[in-house]
Amino acid sequence: MVWLLDDYYDREHRAYHIADLGKVLEPLKLRYHGTMRDMPYDERYTEHIEPTGLLPFISLVSRGPPNMNAAAITSLVDRWRPETHTFHLRAGEMTPTLQDVSMILGLPIQGEPLCMNTASDGWRQQMEALIGMAPPEPPNKKDRAPAGANYKWIKDHFAECPIGADRDTVRTYTRVYLWYVISRTLFADSGGKLAHWCWLKALTVLEHKWSWGTAALAYLYHQLDDACRRTGTMGIGGCQLLISVWSWERLPVGRPRVFNKRPWVVSENVLREPTWAYQWDNVSEMTNDPAVMYKQYTEELDTLTSEQVDWEPYGSRYHFGTAMGDLNPKCLEEAGFWRMRCPLICMWAVEYHMPHRVMRQFGLFQECPPDWQDTDRALHRLDRKQQRKI
């Protein structure tokens, strides 16, 4: 017999500490940051970003993020199970899938898995060769400095590309801009202070076709696997824009009011059209006490019924995506991959994509119980700190 819930995860799970041990936990901090004010977008970057497949996503996040709700997201995290990569709700299992990655973020699914040697030996020399400079070594040689750059260092040296810069200089600034953006939005860690070297290394060849969509989802799953077992004041990383819009579209709990959208800059390039996330471009901010609202959201999720869930927020069948007339074509281009059952790879993180557990999100019949897929404890134990040379 296969037990659905594993004691290995359960004894450290936030839900166990709340329900069984009677602890009062605080909402987690969200490690997601906007980029509009810190690193302004330069139109000269566009021709270099387009080959990476990141242009729809960059066009979205360069405007700055909507207001997010840490208390609402934490109440969802409490229901995340690493064994199934789903939220366990009274209404049934739910999870962000590759469908949501395409519709909300516009990231490419096809391409090579984002996987390379993450060893940090000689990273300063490699960074200097790639972008012309690197952060200085710590005064005390014995202090182990993390492999990467502080966000302030990046802003101080690469905030604006010089006027009249040659093509190679613009390409370098483009590479650093992408590094800064994806480190703060797609691959934000629980600390939220450092852009890690490995993300810049992945941008060595801008024309390399990485599967950014599967990498972003793998990283989010990995962060949720860790966050659901954090009982202190640590934060949660991964793409919080993805999980926020996913939640707002499907669940009434913590859903903000939507105001008039900010104007979208019109472009002849269709890849710069908005993704589905633009529907939530301008939303109300949660200004109440987060601790109080966290408790309220928890109670609301406890009583959530299937009828209150919008299982197909993007539309169904022939009406899929039609509610948004100017939807970026990239959002629908790779629909044939949305229900893949496969490992998702992001550097050291390997997480299984299991859409067969949430078939109602695709407008299909949900078998119960769904086929069992072992998510493997050994894979969940891998992380950047403990496995530096994966």
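A salt bridge here is a side-chain nitrogen of Lys or Arg within 4 Å of a carboxyl oxygen of Asp or Glu, and by that rule the count comes to 14. You're looking at a predicted model, where local features need pLDDT of at least 70, side-chain atom pairs count only at pLDDT 80 or more, and totals for chains, interfaces and linings use all residues. Residues are numbered from 1 along each chain as its sequence is written, and side-chain values use heavy atoms, with hydrogens and water left out.

Start by colouring by pLDDT (the predictor's confidence in each residue, from 0 to 100). The chain's mean is 89, with 91% of residues at 70 or more. Now select 384–390: pLDDT is below 50 there.

Next, pick Glu 43 and Arg 272, a salt bridge with its closest N and O atoms 2.7 Å apart. The two sit 229 residues apart in the chain. Arg 272 counts as buried at 15% relative accessibility (buried means under 20% relative accessible area, exposed over 50%, partly exposed in between; 1.4 Å probe, protein chains only).

Then go to Arg 63 and Asp 281, whose closest N and O atoms are 3.0 Å apart. Both are buried.

Last stop: Arg 81. Its salt-bridge partner is Glu 83, with the closest N and O atoms 2.8 Å apart, and both residues are buried. Arg 81 also has a bridge partner in strand 3, Thr 86 (strands are DSSP E runs of at least two residues, numbered from the N terminus).

Key: Contact = heavy atoms within 4.5 Å. Pairing = 2+ DSSP bridges. Helix = DSSP H or I, 4+ residues; strand = E, 2+ residues; numbered from the N terminus.
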